[in-house]
Amino acid sequence: MSPYDVQQLQVSCPDCRVFLDYFHHGVLPPNDANARKVVYQSERFILQDGILYHLGLPRQRKKSAGEPVSQQLMVLQALRPLILRSYHENLSHIGGHKMYGTIRRHYYWPLMYTDAHNWTKTCIECQTGAPPTKRQ
Ligand SMILES: [Zn+2]
């Protein structure tokens, strides 16, 4: 996918759209509470070449002081199941917690942790214990 495609696709995703509207046009959701949420959360997002990224902070702040924050691509809704499936299957049906840890190195979306857990719960191979199994 070219950066232009990613840019266009992000615009079509409501989760990305609120931040893009704010960054590009200074437009906030009409609802006060939602608007505050966007302003508050926007500190963790950056635009690079028109593409929205989330800044992942190190999990243990003290330990990793001085470490650069990781830049995670904000994943649009339509692509989330594809990423979950490919990570889960390529990592030999890894458990939700580890899967989340791996995905978050490159990607971000709201409720990613929950989605990763739910994905393993709905995976037929994981549920039936069919090989290959390498769960935590
Ligand atoms: Zn599985």
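This briefing describes the strand pairing, the helix packing and one residue of a predicted model.

The model is predicted, and local features require pLDDT of at least 70, side-chain atom pairs count only at pLDDT 80 or more, and totals for chains, interfaces and linings use all residues. Residues are numbered from 1 along each chain as its sequence is written. Helices (H or I, at least four residues) and strands (E, at least two) are DSSP runs, numbered from the N terminus.

**Sheet**

- Four strands form an open sheet in the order β1-β2-β3-β4, with mixed pairing; two strands are said to pair if DSSP finds at least two bridges between them.
- The edges of the sheet are β1 and β4 (107-108), each of which pairs on one side only.
- In general, strands of a sheet pair through backbone hydrogen bonds, in either a parallel or an antiparallel sense.
- Strand β1 (residues 45-48) runs antiparallel to strand β2 (residues 51-56), and 4 bridges join them.
- Within this pair, F45 is opposite H54 of β2, and I46 is opposite Y53 of β2.
- The hairpin of β1 and β2 has 2 residues between the strands, and D49 adopts a positive phi near 55 degrees there.
- The pairing of β2 with β3 is antiparallel and extends over 4 bridges, with L55 opposite Q71 in β3.
- Strand β3 (residues 70-74) and β4 run parallel and are joined by 2 bridges; Y107 in β4 is the bridge partner of L73.

**Helix against the sheet**

- Helix α1 (residues 3-11) lies across β2 and β3 and runs at about 80 degrees to β2.
- For such angles, axes are lines fitted to C-alpha atoms, for helices over the stretch in contact, and angles run from 0 to 180 degrees between N-to-C directions.

**Helix pairs**

- Helix α4 (residues 80-90) and α6 have axes that come within 10 Å and cross at roughly 60 degrees.
- The two helices α4 and α6 are therefore oblique to each other; angles under 35 degrees count as roughly parallel, over 145 as roughly antiparallel, 65 to 115 as roughly perpendicular and the rest as oblique.
- The crossing of α4 and α6 is right-handed, a term used if the near helix is turned clockwise from the far one by less than a right angle, with anticlockwise giving left-handed.
- R80, L84 and H88 of α4 make the contact with D115, A116, W119 and T120 of α6; residues are in contact if their C-beta atoms, placed from the backbone, lie within 7 Å.
- The residues of this α4 and α6 contact comprise 3 nonpolar, 2 polar and 2 charged, where Ala, Val, Leu, Ile, Met, Phe, Trp, Tyr, Cys and Pro count as nonpolar, Asp, Glu, Lys and Arg as charged, and the others, Gly among them, as polar.
- α4 also packs with helix α5 (residues 96-103), at an angle of about 110 degrees and with the axes 10 Å apart.
- The helices α4 and α5 are therefore roughly perpendicular to each other, and their crossing is right-handed.
- I83, Y87 and H88 of α4 meet M99, T102 and I103 of α5 in this contact, whose residues divide into 4 nonpolar, 2 polar and no charged.

**Residue D115**

- D115 belongs to helix α6 (residues 112-122).
- D115 is partly exposed because 18 other C-beta atoms lie within 10 Å; a residue is buried at 20 or more such atoms, exposed at 12 or fewer, and partly exposed in between, with C-beta atoms placed from the backbone.
- Apart from neighbours within four places in sequence, D115 is in contact with R80 and L84.
- D115 and Y100 are 15 residues apart along the chain, and their C-alpha atoms are separated by 8.8 Å.

Key
Contact = placed C-beta atoms within 7 Å.
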